[in-house]
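Start with the display below.

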Amino acid sequence: MAKPRLEIDPEAFDAGAIDPELVAQIEWLRKEHRQRPDPWSLPIDKVRRARKEGKGIFPYAPLDKKAETHIHIGSAGREIPVRIIRPSDGATRGSFLHIHGGGWVYGSPEESDPRLRRLADATGLTTVSVDYRLAPEHPFPAAPDDCLDVAVALANGHLPAPRGFLSIGGESAGAHLAVLTLVRLRDEYRLRPFGAALLVAGCYDLSLTPSVRAGGEERLVLGADDVKEFVLRFVPDKYSLKDPRVSPLHADLAGLPPARFSCGTRDLLVDDTLFMAARWVAAGNAAELHLTNGGVHVFEAFPSKAGERSLGGMEAYLRERIDFPG
């Protein structure tokens, strides 16, 4: 395999070259957000329920009829549900540990069923999605602890999922938790079980990168105020937001697996992806960087050819790492 290189194409930031389909998507989101109440004006339980029912900004995600739920008993006897989706053909080459997004406050594994079914069938990997505890009821470090417990169980063969080739990933807050999990596996257990990471539109510096701070009032799925509200609910005051245990951009990243970083350039977390990809390579790890001109936050969740290309690229990356793990 050719040695991966990080390259930033200036055209990815050319506002005049955005795919017309993504321009229409941006306008649709602007209109939708104008018509909807501010989610922070509503009870958290109501927003969580609306997401599951497809009444939030994201499309409805039908449940996968073949998905399995397993209860893992983690540290201190905690029960951690995991949702498992196996390839439709019954053949599996390993497992993909998935950590869902939602700002550490919203989201559930079920909301990713269509995406994980597609990934399982495209890669031959069984997907294992962690139903970690959510803030503010369970602030930091509850979610990272749950993800770490499940990762250790998967690595040690204590889950009903194959080991074989192991990979990890997530979107938004899930990408953040995936990186924290990799760092803690290395430091606390001396484990490096994962051969690849898919890190999509992650938030890696909870003290806020420049693109978040400059985000203004516009909300394209995610706005600057949303990031601030999520962080306030997730991180107790006793922790510094630059603590590497909280913000992995500030952590020692040596010895982590090859990673594919992806983000849309209209995502206010774009700096998080640019900075983390650079630090990943500076730490001696392999990385690829994929930017989509005009893509909003987790734009792959909405129908578009650009979203299809991005998802296909992620699946191809995992297949390549399985075939050429060195």
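Buried means under 20% relative accessible area, exposed over 50%, and partly exposed in between (1.4 Å probe, protein chains only). This is a predicted model: local features need pLDDT of at least 70, side-chain atom pairs count only at pLDDT 80 or more, and totals for chains, interfaces and linings use all residues. Residues are numbered from 1 along each chain as its sequence is written, and side-chain values use heavy atoms, without hydrogens and water.

**Cysteines**

A disulfide is a pair of cysteine sulfur atoms within 2.5 Å. The whole structure has zero disulfides. For Cys 147, the closest cysteine sulfur is too far for a bond. Cys 203 is in no disulfide either.

| Cysteine | Closest cysteine sulfur | Distance |
|---|---|---|
| Cys 147 | Cys 203 | 15 Å |
| Cys 203 | Cys 263 | 11 Å |

Cys 147 is buried, at 0% relative accessible area. Cys 203 is buried too, at 5%.

**Cores**

A nonpolar core is a set of buried Ala, Val, Leu, Ile, Met, Phe, Trp, Tyr and Cys residues joined through side-chain atoms within 4.5 Å. The largest has 88 residues; Leu 97, Trp 104, Phe 194, Leu 199, Phe 261 and Trp 280 touch the most other members. Helix α5 (residues 173-189) gives the largest share, nine residues. Helices are DSSP runs (H or I, at least four residues), numbered from the N terminus. Another core, of eleven residues, lies apart and includes Ile 57 and Val 296.

**Helix α2**

In α2 (residues 44-52), Ile 44, Val 47, Arg 48 and Ala 50 are buried. Down the axis of α2, its buried residues fall within an arc of 160°, so they line one face. Gly 54 follows α2, with a positive phi near 75°.

Definitions and conventions. Helices (H or I, at least four residues) and strands (E, at least two) are DSSP runs, numbered from the N terminus. The arc is that of the directions from the helix axis to the C-beta atoms.
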